[in-house]
Amino acid sequence: MPGQPCLNTRPLTLGAVPSPPWAEGTGRGASCHPHSLPIDPCPPMAGPNQTVVTDFLLVGFPSCRALSLLLFLLALPIVLLGLAGNLGLVVLIRAERSLHTPMYYFLSHLALLDLCSCCAVGPVMLWGLLASWAALPGPVCALQMFLFTTAGDAECCLLAAMACDRYAAICRPLHYQAAVSPRLCRGLVLGSYAAGAASAAVHSSLAFHLPFCRSHTLDHFFCIIPSVLELACADTSLNQALLLAICGAIQSVTLLAILATYGLILGAVGRAGLCRAASTCGSHVAAVAVLYGTLIFMYLRPEGSYAAQADKMAAAFYTVVIPTLNPAIYSLRNADVKGALARRLMGGRRIWGG
């Protein structure tokens, strides 16, 4: 009927609810897959009678209860390791004077960004795996999108700054302290945060100014930009174009800067210094390859090429696995970090064979 409000637009909060909203009155339990049930769309309505969904139901979790619990048991230690590893790395670098160098200054902020991404997505994902669904108010969904996007774009800029730092350390060792000054380091880090926050502000503000009157169910485990745009009942071509332009520019420019920097490093060291350069930059190259490969797959594709399950797997890898891998990539194979950790925890005794 004209003017009839959309169904299921009552306020939803993240909390202990015995069964999800789609199971009410149907005799279905929380393990029922939400996509097996019809969703009543509400067509776009102009004027004051248009109903806008302000709360989002995340249903991108397995329909099988046993599989959800298995994934929860797998994800929980990974999330906890990511939180503990990144937080521990930040504290160690700030506390240990021997690590007060530009490389570890950048690394501490990389760990902060991974910590931000993990905190923004991890708790909601874990709750959803336990309950088979999760509900977020609109402002919380927007904040989650902002934090996740800020961390992703800022991390790209920070990795480019770290590549330039490696170039100065390898190719200009005698002028390294003067070239990479504390003031320059602070400027590069602040610029990375500013670029990430500006990109996130554009995408999240434009996305949540759209009318979401078709449905409030989001087929994902967090408020990722493409999936939120699919719920809008207005034209999203501007959002899609800005997503491709801004994120594409940040990822492309920083990736080209990293590749150019490593090209200069290889040209400067030649064959004789290749092994030394590989040992110095190997961790950074691995982190760059994993991050950029995942981001390009998630965002830099045509609008019609998104596949729900593949996108969810890529997003889970980015938000859970990469933040856990980065501390291991950068620290466990690093003699300076292992030595600092030994001095703090074991009174200077050797650990891990370091």
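Predicted model: local features only at pLDDT ≥ 70, side-chain atom pairs only at ≥ 80, totals over all residues.
Lysine 312 belongs to helix H9 (residues 308-332), while aspartate 219 sits in the loop between S3 and helix H6 (225-229), so the pair ties together parts that are 93 residues apart in sequence. The two partners fall into separate burial classes: lysine 312 is buried, with a relative accessible area of 10%, whereas aspartate 219, at 26% relative accessibility, counts as partly exposed.

The structure holds 3 salt bridges. One of them joins glutamate 96 to arginine 343, with 3.2 Å between the closest N and O atoms. Because glutamate 96 lies in the loop between H1 and H2 and arginine 343 in helix H10 (residues 335-345), this pair ties together parts that are 247 residues apart in sequence. Glutamate 96 is buried at a relative accessible area of 10%, and arginine 343 is partly exposed at 43%. Another salt bridge is formed by aspartate 165 with arginine 166, where the closest N and O atoms are 2.9 Å apart. Here aspartate 165 is buried, with a relative accessible area of 3%, and arginine 166, at 10% relative accessibility, counts as buried as well.

## Overall architecture

The protein contains 10 helices and 3 strands, and from the N terminus on its elements follow the order β-α-α-β-α-α-α-β-α-α-α-α-α. Of its 354 residues, 47% count as buried. The accessible surface comes to about 16,700 Å², and 68% of that area belongs to carbon and sulfur atoms. Among the contacts with a separation of 6 or more, 78% are made by residues 24 or more positions apart.

The 3 strands of the open sheet are arranged in the order S2-S1-S3, with mixed pairing. Its edges are formed by strand S2 (134-137) and strand S3 (217-218), each of which pairs on one side only. Strand S1 (residues 55-58) is joined to S3 by 2 bridges, and these two strands run parallel; within this part of the sheet, leucine 58 stands opposite leucine 218 in S3. Helix H3 (residues 138-171) lies across S1 and S2, and runs at about 95 degrees to S2.

Leucine 126, which lies in helix H2 (residues 102-131), is buried, with a relative accessible area of 11%. Once its neighbours within four places in sequence are left aside, leucine 126 is in contact with Phe72, Ala75, Leu76 and Val79.

Leucine 74, by contrast, lies in helix H1 (residues 65-95) and counts as partly exposed at 49% relative accessibility. Together with Leu67, Leu70 and Leu71, Leu74 forms a nonpolar patch on the surface, and these residues have about 330 Å² of accessible area together.

Key
Residues numbered from 1 in each chain as written. Heavy atoms only, no water. Patch = residues over 30% accessible without salt bridge, like charges linked within 9 Å, V, L, I, M, F, W, Y side chains within 5 Å. Areas by Shrake-Rupley, 256 points an atom, 1.4 Å probe, with all protein chains shown as cover. Salt bridge = Lys/Arg side-chain N within 4 Å of Asp/Glu carboxyl O. Helix = DSSP H or I, 4+ residues; strand = E, 2+ residues; numbered from the N terminus. Buried < 20%, exposed > 50% of the residue type's maximum accessible area, 1.4 Å probe, protein only. Contact = heavy atoms within 4.5 Å. Pairing = 2+ DSSP bridges. Axes fitted to C-alpha atoms, helices over the stretch in contact; angles between N-to-C directions.
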